[in-house]
Amino acid sequence: MSRLNATSRKWLPLLPAAAWWAVFLLAALVSIMVFSFGLKAPLSSVDPVTFEVLSLENYREALSPVYVQVFWITLKTAGIGTFFCLLFAFPVAYLLSTRISRNWRPWLLFIIIFPYWVSFLLRTFAWRIILAPEGMLSEALQAMGLITGGLAILDTQLAVQLGIIYNYLPVAILPIFVALERIDPALRQASSDLGATKITTFVQVTLPLATPGLIGAGILTFILAAGDYVVPAILGGARGLMIGRLIALQILEAQNLPLGAAMAMILIVALLVIGVLFALLQIVARRLNRMAQGAAI
Amino acid sequence: MTLAVSVRGITKRYGNFVALDDVNLDIEQGEFVSLLGPSGAGKTTILRMIGGFDFPDSGDVKILDQNVVDLPSHKRPVNTVFQNYALFPHMTVAENVAYGLRQERVPAAARKTRVREALEMVEMIAMAQRKPDALSGGQQQRVALARALVKRPSILLLDEPLGALDRRLRQQMQIELKKLQRDTGIAFVLVTHDQEEAMAMSDRIVITRNGRIEQIGTPSDLYDAPDTAFVADFIGSQNFLRGQLYAKDTSITTPDGRQFYAQRVTQDAGEDALAAVRPEKTAISIDKPVSADNVCQGSILQILHLGNTMEFVVRLASGDEFFCKRPREEAAGLAVGSPVWLSWSRADMSIFKLDQGIADGLKGARVAMSGH
């Protein structure tokens, strides 16, 4: 221990996590990347992949119009899901951090997290019962005369969309709540003291200071939603497809590991590109805002 | 003349706790007024009522003859320097100062000039493009002042503005605040629990206690002629003796039969009363003083160096502890344990109505009571 220099001692606490990730995350990622350049082995072979020729064949197939369509649906579903999650999460986080006394907050947060005590699979499956054409919701809507015939949502993209929003809402609430709770209430009072209305205070003080939390919540929700395969598998049926489900099908059922790996790589790259675009957009928006306001001095 | 602020009969309750009880207060234009009191006395609540951050259950708040009691803070012609400055962390110093002018839709050219002037006034122009978290506490304090004063309010409210600064900086800021107030001619209303700060800066001081105003007066009024034992103790400090005050008399008799003479007896003082003398007016000597109005004997419990003065803690025969603050020259030959004589003039002693809070703190009284 005494021979370790100061720098290594400083980073020593990282070792367990770094080792864990090196083995299970990095190794897995690298092998997926390698697999994506291989080919599906003949059924007689022991290994699932052959590397006799390294090819881009999997990428060509993964980018064929049918699959590109599914990529697009995936990003759209995740995007819409993220939008609604943030929209619904913000008021909850705002009320929780400004209107609820400090003593009650942990309990309300507990209630928000509580659904996670139930298995993800089971929670999602419960929606099949709710959304079923002969289910409670369907009958209630029919009784109110809002729809005729059974509810036709189950096994469609809409069902997947609903399931995604429902499942990731708590994930969106927490980072926003943390960001809002860190804003000193005196800042809102100072804003009002200087002549700002409630709306101006919200737009000029609260929202900018909550932005890091909103971005965090957005990224987290979007990435989790884009990679989800349980929701489309359970609620989407044949028509509600997302790329995560397709990857699972390729690997688990079609035994085409290389194609699944290529799809996974494309998803990772697509998410990275979207992340970078968003970051750029934010910088531009901030510049535009500065310009619109004019220099302070 | 139109009053800057006129507070009439405001009362505020939080559940069973009475934060303010029928408070009346007038503040003139251009006046420097401090609200001074222990924590929980209601001084900050009064400030928040003037600023519009809290609303009274009953009573009125007038600013420049206009009743503002129902107006929210953004519609009142007052500005506030908050306790921890409350600078917007995502804006530069200049943007912080410009914020209030943007709300008034001051045109860009005029706005820039006023921001510049405000920052020059507090000598922070060089820091205009910095973010608040790159500033020291004293610098943040100046920016908070500039941000409030740039609005040219008729009244500036300051909520313990110097509390977070170290001693040296605090004294420097006291001088600057006083100068700023004189230069701008704006009424300053300052909340503090530090009596030296209030004494140093204020034209008048408002002493609050348990949600009521105990006394209002100039620093010298409060120092020389306090109405109550509480005020006497809070402004500076006092040695108290509890005893019997006989009708028409100007002396009290302590339970151990000693008599102490005073110059001044407050109107409301009853039979059970407190006599008080300041530590700096109490003389200490080894030999019995030849001619003194009041004398008593004790022994030195502790000696504290306070720079150019010395403070002696003396235990009297009754068990009471007396403080005595003298120049260093007089400390010669005095040591812990020495038997000494304390003496003071009747001109320096006052008799007040019994104050239970202070009486409970007297060791002698407790000894006397347990003796019964």
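## Polar contacts and the salt bridge

Between chain A and chain B there are 12 residue pairs in polar contact, both residues at pLDDT 80 or more. A polar contact is a pair of N or O atoms within 3.5 Å; within protein, one must be able to donate a hydrogen and the other to accept it, and residues adjacent in sequence count only if both atoms are side-chain atoms. Helices H9 (185–193), H10 (198–227) and H13 (257–293) of chain A each give two or more residues to the side that touches chain B. Helices are DSSP runs (H or I, at least four residues), numbered from the N terminus.

This is a predicted model: local features need pLDDT of at least 70, side-chain atom pairs count only at pLDDT 80 or more, and totals for chains, interfaces and linings use all residues. Residues are numbered from 1 along each chain as its sequence is written, chains are lettered from A in the order in which they are written, and side-chain values use heavy atoms, with hydrogens and water left out.

The rule finds 1 salt bridge across this interface. B:Glu95 pairs with A:Arg290, their closest N and O atoms being 2.8 Å apart; a salt bridge needs a side-chain nitrogen of Lys or Arg within 4 Å of a carboxyl oxygen of Asp or Glu.

## Size of the interface

Chain A puts 23 residues into the contact and chain B 31 residues, where contact means heavy atoms within 4.5 Å. The two chains bury about 2300 Å² between them, 58% of it on carbon and sulfur atoms. Buried area is the accessible area (1.4 Å probe) that two parts lose on being put together, summed over both.
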